[in-house]
Amino acid sequence: MADKPRMQVRLFKPSVGEEELENLRGVFERAWLGLGPLVSQFEKEWSEYIGAACSIGVNSATAALHLALTAYHFPRGSKVLVPAITFASTATAVLYNELVPVFVDVDPVTLSMDLTDMERKISSDCMAVIPVHLGGHPVPMEKLLEIAQAHRLAVIEDCAHCAGGFYKGKRLGTWGDIGCFSFEEKKSMTTGDGGMICSDQKDLVEPLRAYRWIGIDKDTWKRSAGYTSPEVMDARHWYYEIAVLGYKYNMNDVMAAIGLAQLKKLDWMNARRAEIIRRYLDGIKDCRQIKPLLPYELKNAAYWLFGVRCDQRDKLILHLKQQGIATGVHFLPLPLHPLFKEFDDAIPISKKIWQTFITLPLFPDLTDLEVDYVIEALQEFDQR
Ligand SMILES: Cc1ncc(COP(=O)(O)O)c(C=O)c1O
């Protein structure tokens, strides 16, 4: 590889272009940038795409997860099961609601919650479970739901990694009671930052519209139509009430404009990611030290993450860095962070296996040339 030109390969890159710019131009021309009609349109199109009765746009999956738990008003100190290997937001949502996270060990192959450990850790004060479809690999939801139903647990799916994915022909995010999605800049599709709550249980989630908007019971953009309308001869057109302690968690029209364009490309972006993963898998199939991170099943897939496992993880990271190839690690088990140290950390598998994880470049605009460059660097390391 020494005589080859050195490339710089990014880890993630949003795929944005003319379609997003065109939608943004419309927002600028209307000069309504905040929570407005495009958020409603995006919510409607998202509900149709996902097959859910109702969707609520927010400014992140972190906010979505926070509010999804808020919807239940669980007694303070109740427990919520979360996987040990996930991003912090899955568990900070629990803490924001003054609830207690119970960390469940992961299955060593799929990296999603080990359902035996989950069942073992359920106690009478346990109210909910948040399965995470890590990297886009689906949790076996029919089995998880069976356990959750037997113990009357609410099920909130953390779909930050799997927008557009299916499990057994049904959309991820529609298996549980509530699905929470991320449109953060690196994710399967993006709105810069952004998120979506979706559910078939309108009575449960509709109150969250006020919670995402400082507790205000009416959207300003709808009220504002009456400010100058002679048909609304009501001097109190400005009136609204705040009955709940809400947050400034709303999505806005700038985000929604980008999201509407991205949604049209989502299936293509997921298909392209699957194609790249297929190329990676083929490239490393004969490696002895480097194995795929997940048991990738690429039909109808919505994988967001491609990674490998390697016992010499740090040496491989440095080797790739030398070649200009960006890497990451998803994720350090949460109980290893100081914030979560006080919670039970009986997660022996997670603590062991995370040390072998390396995330590799994956995004729709990654070229075959770049993928082959990464593969060659992996093979070179493997043959040492
Ligand atoms: C599993 C998981 N859940 C939730 C989040 C939070 O998403 P957001 O950045 O949209 O708040 C992330 C972000 O990386 C994530 O990986």
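**Entry 1: ground rules**

I number residues from 1 along each chain as its sequence is written. Because the model is predicted, local features need pLDDT of at least 70 and side-chain atom pairs count only at pLDDT 80 or more, while totals for chains, interfaces and linings use all residues; side-chain values use heavy atoms, with hydrogens and water left out.

**Entry 2: the cavity**

Rolling a probe the size of a water molecule over the atoms shows where empty space is left. A cavity here is a set of points, on a 1 Å grid over the protein atoms alone, where a 1.4 Å probe fits but cannot get out; lining residues have an atom within 4 Å of a point. Grid points are joined across faces, edges and corners, and a volume is the space filled by probe spheres set on the points.

How many cavities of 30 Å³ or more are there? I found one. The largest cavity has a volume of about 30 Å³. Its lining consists of Pro14, Ser15, Glu185, Lys187, Ser188, Met189, Thr190, Gln262, Met269, Arg273 and Pro364. I sorted this lining into four nonpolar, four polar and three charged residues. For this sorting, Ala, Val, Leu, Ile, Met, Phe, Trp, Tyr, Cys and Pro count as nonpolar, Asp, Glu, Lys and Arg as charged, and the others, Gly among them, as polar.

Where does the largest cavity lie? It lies between domain 1 (18-264) and domain 2 (266-382), because both give residues to its lining. The domain bounds come from an automatic or database domain assignment.

**Entry 3: strand S1**

Next I looked up the strands. Helices (H or I, at least four residues) and strands (E, at least two) are DSSP runs, numbered from the N terminus.

Strand S1 covers residues 54-58, and five of its five residues are buried. In a regular strand the side chains alternate between the two faces of the sheet. On one side of S1 I find Cys54, Ile56 and Val58, on the other Ser55 and Gly57, and all are buried.

Two strands pair if DSSP finds at least two bridges between them. S1 is joined by five bridges to strand S9 (residues 195-199), and the two run antiparallel. Opposite glycine 57 I find methionine 196 of S9.

**Entry 4: the sheet S10-S11-S12**

Strands of a sheet pair through backbone hydrogen bonds, either parallel or antiparallel. Three strands in the order S10-S11-S12 make an open sheet with antiparallel pairing. Its edge strands, each pairing on one side only, are S10 (291-292) and S12 (357-360). S11 (residues 306-309) pairs with S12 over four bridges. Phenylalanine 306 has leucine 360 in S12 as its bridge partner.

**Entry 5: salt bridges**

Side chains of opposite charge can pair when their charged atoms come close. The cut-off for a salt bridge is a side-chain nitrogen of Lys or Arg within 4 Å of a carboxyl oxygen of Asp or Glu. My search of the whole structure gave 22 of them.

One of them joins glutamate 19 to lysine 265, at 3.3 Å from N to O. Glutamate 19 is in helix H1 (residues 18-30) and lysine 265 in helix H10 (residues 253-284), so this pair ties together parts 246 residues apart in sequence. Glutamate 19 is partly exposed at 44%, whereas lysine 265 is buried at 15%.

Lysine 187 and glutamate 184 form another, at 3.1 Å from N to O. Lysine 187 is buried at 14%, and glutamate 184 is buried at 17%. Lysine 187 is also one of the residues lining the largest cavity.

In a third, the closest N and O atoms of arginine 279 and aspartate 368 are 3.6 Å apart. Aspartate 368 is in helix H13 (residues 368-382) and arginine 279 in helix H10, 89 residues away in the chain. Aspartate 368 is partly exposed at 32%, and arginine 279 is partly exposed at 32%. Both belong to a network of salt bridges made up of Arg272, Glu275, Arg279, Asp368 and Asp372.

**Entry 6: two single residues**

Is leucine 316 buried or exposed? Leucine 316 is buried, at 0% relative accessible area, and sits in helix H11 (residues 313-322). Its C-alpha is 9.6 Å from that of threonine 327, eleven residues apart in sequence.

Glutamine 149 is in helix H6 (residues 141-150) and is exposed at 60%. From its C-alpha to that of glycine 136, 13 residues apart along the chain, is 24 Å.

Note on methods
On a 1 Å grid over the protein atoms alone, a cavity is a set of points where a 1.4 Å probe fits but cannot get out, and a pocket is an open set with protein on both sides within 12 Å along at least five of seven lines; lining residues have an atom within 4 Å of a point. Buried means under 20% relative accessible area, exposed over 50%, partly exposed in between (1.4 Å probe, protein chains only).
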